[in-house]
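User: Please take a close look at one helix and its surroundings. I would like the packing first, then the open space around it.

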Amino acid sequence: MEWRARRLLEELHDVRDAAASLPDALVLLDAHGGIRWCNRSAERLLALAWPRDRDAVLASRYAGHKLGDWLDRGGAEPLDDVHAPADATMHLQVTMMPYGHDQRLLLARDISRLARLEQVRRDFVANVSHELRTPLTVIHGYLELLDPEDVPALAPVLGEMRAQSQRMRQIVEDLLALSRLEMERHLPEERVQMQPLLVTLRREAEALSQGRHRITLEDEAHRDLLGSAKDLHSAFGNLVSNAVRYTPDGGAIAIRWRRTRGGAEYSVTDTGYGIPAEHLSRLTERFYRVSSSRSRGSGGTGLGLSIVKHVLNLHHAELRIESEAGIGSTFACVFDHSRVLEPESDDPR
Ligand code: ADP
């Protein structure tokens with residue numbers, strides 16, 4: 001019996017030694033968030049010390065730090081990128097997993113290398129786009145100066161060159177917009193008056209459609225939004241422009257703004273080509289297109305929905321897409337109540 005107990009103890013030590021030497025930080029927590037055990041990497045990554053911190057409440061160690069707020073909220077969703085408590089140059093990914101009876105395991109991984117690579121990628125895209133902007137503007141300017149009537153033989157070529165240089169300019173502008181959104185931590189928190197914005201969006205839809213679609217606007221929410229007017233206009237406008245571009249002539253497009261149980265929702269519904277289910281989860285990836293020829297033919301850059309997604313993320317809002325091939329699509333931006341404002345008192349509504 002005694003040798004069995006000794007063997008079990010040895011095995012337990014083995015497991016602990018192995019866990020202690022992992023490069024990831026491990027912290028075992030009791031039902032009240034107290035520290036039952038942590039490994040050596042937890043000292044480096046999470047500024048803990050064993051056995052000094054035995055039974056200390058983990059969240060209280062990180063008061064005022066993003067990690068502390070996350071622990072207070074229960075840590076249900078993983079924290080994708082947070083600065084290490086003792087070293088702001090180190091990036092951590094932190095996950096919490098339940099185990100046993102009401103116990104939890106916190107795992108923190110050093111992702112500084114990945115974060116640096118991500119930064120290099122962002123800077124590269126931003127720099128390339130920026131460098132391309134001026135030469136493209138010059139080329140486009142000269143092409144605009146050339147009059148096809150002076151060289152009738154080249155007229156079709158000139159038209160194509162102008163269209164392509166305009167497309168390149170649009171791609172560069174969209175890439176720069178995406179870079180700016182990626183670097184932005186917070187957007188302006190201003191009152192975005194929805195009623196005039198919705199009227200503008202409908203006008204823009206009509207200008208794009210040129211009478212080819214039936215366009216309706218329903219403003220049932222009578223609420224404003226808190227956020228960046230410029231960026232929300234760009235995101236909402238992208239959805240309207242997609243609806244026009246991916247709906248054949250004679251189709252209908254409905255722009256709606258209404259209250260929901262948790263907040264409010266802006267949506268654009270069309271009776272267009274629709275999107276087969278297998279593409280839906282990838283639509284917001286950069287340059288992802290269901291049909292390249294249809295997108296290019298309609299003047300698309302493949303970046304519109306990425307911009308929409310980024311703008312919504314910065315507003316803590318969600319993009320919901322429902323679509324059926326051959327029937328049509330609804331793209332909805334869902335805002336929670338903290339973003340929805342009562343209209344101002346002098347508002348006639
Ligand atoms: P693009 O500039 O190509 O329109 P987006 O990022 O705006 O790029 O959209 C990505 C792809 O999603 C489009 O190429 C198109 O295939 C599809 N898509 C977007 N909106 C709609 C829509 N309302 N109806 C059908 N397909 C759509």
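Analyst: The axes of helix α6 (residues 155–183) and helix α10 (residues 304–314) come within 10 Å and cross at roughly 20°. Axes here are lines fitted to C-alpha atoms, for helices over the stretch in contact, and angles run from 0 to 180 degrees between N-to-C directions. Helices (H or I, at least four residues) and strands (E, at least two) are DSSP runs, numbered from the N terminus. α6 and α10 are therefore roughly parallel to each other; angles under 35 degrees count as roughly parallel, over 145 as roughly antiparallel, 65 to 115 as roughly perpendicular and the rest as oblique. The crossing of α6 and α10 is left-handed, the term for a near helix turned anticlockwise from the far one by less than a right angle, with clockwise being right-handed.

From α6, the contact uses Asp174, Ala177, Leu178, Leu181 and Glu182. From α10, it uses Ser306, Ile307, His310, Val311 and Leu314. Contact means heavy atoms within 4.5 Å. By type, the residues of this α6–α10 contact are 6 nonpolar, 2 polar and 2 charged. Ala, Val, Leu, Ile, Met, Phe, Trp, Tyr, Cys and Pro count as nonpolar, Asp, Glu, Lys and Arg as charged, and the others, Gly among them, as polar.

A word on the source. This is a predicted model, in which local features need pLDDT of at least 70, side-chain atom pairs count only at pLDDT 80 or more, and totals for chains, interfaces and linings use all residues. Residues are numbered from 1 along each chain as its sequence is written, and side-chain values use heavy atoms, with hydrogens and water left out.

α10 also packs against α8 (229–245). Their axes come within 9 Å and cross at roughly 145°. This crossing, too, is left-handed. α8 brings Asp231, Leu232, Ser234, Ala235, Asn238, Leu239 and Asn242. They meet Gly304, Leu305, Ile307, Val308 and Val311 in α10. The residues of the α8–α10 contact divide into 7 nonpolar, 4 polar and 1 charged. Ile307 and Val311 are named in the contact with α6 and in the one with α8.

Now the open space. The largest pocket has a volume of about 1,500 Å³. On a 1 Å grid over the protein atoms alone, a pocket is an open set of points where a 1.4 Å probe fits, with protein on both sides within 12 Å along at least five of seven lines; lining residues have an atom within 4 Å of a point. Grid points are joined across faces, edges and corners, and a volume is the space filled by probe spheres set on the points. Of its 31 lining residues, Lys66, Asp80, Asp81, Glu184 and Arg185 are the closest to the centre. α4 (66–72), β3 (79–84), α5 (112–145), α6 and α10 each give two or more residues to this lining. α5 provides the largest share, 6 residues. The lining splits into 10 nonpolar, 8 polar and 13 charged.

The second largest pocket holds about 770 Å³. It is lined by 44 residues, with Asn242, Arg245, Tyr246, Gly304 and Leu305 nearest its centre. Among the elements supplying at least two residues are α6, α8 and α10. α8 gives the largest share, 9 residues. By type, this lining has 18 nonpolar, 17 polar and 9 charged residues. Asn242, Gly304 and Leu305 also belong to the α8–α10 contact.
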